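This report goes through selected local features of one protein model. The sequence and structure come first.

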Amino acid sequence: EYAIKNNVPIITDDGLLCLLNIIKLSKSKSILEVGTAIAYCAMHMADLSDDMHIDTIERKKDMYNIALENVRKANMENKINLIFGDALDVEIDENMKYDYLVVGAGLYGAVFAQKAKEAGKTVLVIDKRPNIAGNVYTEEVEGINVHIYGAHIFHTNNKEVWDYITK
């Protein structure tokens, strides 16, 4: 109710059900969540098993404070570790092991999944579309690459980036 009244972005009911089922099927016990908001999703994930551990990062101070209170009220402090800060700046315990669920197989999601897998991590990618590459997805039609979701032009002067995307 709070999320709806205050326009807080939380996962949809269908999305939450799908996420919880994936966590159950994969038997994940240690999850890193980026974007705590009010801890709605974190509390549902933590509720899946007694030995579940969630590290969750929130960069907005007001949301972080609400999440702290919600986790305290739910008596889940031993299962949910709330971290205040930007995910790019926060230091995570290097001894913690996480499995990754990547939502969206666009450029970022696909590259992240590939790099995480190369680093020895377990990765599951889900997307509402039946293909990878997001909005830059193309299909060959009579020998021509056609941009299915509209034209997307990529420019870079960075040789390393160009070599990566053209391999």
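The model is predicted. Strand 4 (residues 100-103) pairs with strand 5 (residues 123-126) in the parallel sense, over four bridges. Within this pairing, Val103 has Ile126 of strand 5 as its bridge partner.

Backbone angles come next. Most residues other than glycine have a negative phi. Ala37 has a positive phi, near 55°, and so does Asn75, also with a value near 55°. Ala37 sits in the loop between strand 1 (30-34) and helix 3 (40-46). Asn75 is placed in the loop between helix 4 (61-73) and strand 3 (80-84).

Asn75 is exposed because its relative accessible area is 62%, and the cut-off for exposed is over 50%.

Ile165 belongs to helix 6 (residues 159-165). With a relative accessible area of 42%, Ile165 is partly exposed. From Ile165 to Leu107 the C-alpha to C-alpha distance is 9.7 Å, with the two residues 58 residues apart in sequence.

The accessibility values are set out here.

| Residue | Relative accessible area | Class |
|---|---|---|
| Asn75 | 62% | exposed |
| Ile165 | 42% | partly exposed |

Conventions
Residues are numbered from 1 along each chain as its sequence is written. This is a predicted model: local features need pLDDT of at least 70, side-chain atom pairs count only at pLDDT 80 or more; totals for chains, interfaces and linings use all residues. Side-chain values use heavy atoms; hydrogens and water are left out. Two strands pair if DSSP finds at least two bridges between them. Helices (H or I, at least four residues) and strands (E, at least two) are DSSP runs, numbered from the N terminus. Buried means under 20% relative accessible area, exposed over 50%, partly exposed in between (1.4 Å probe, protein chains only).
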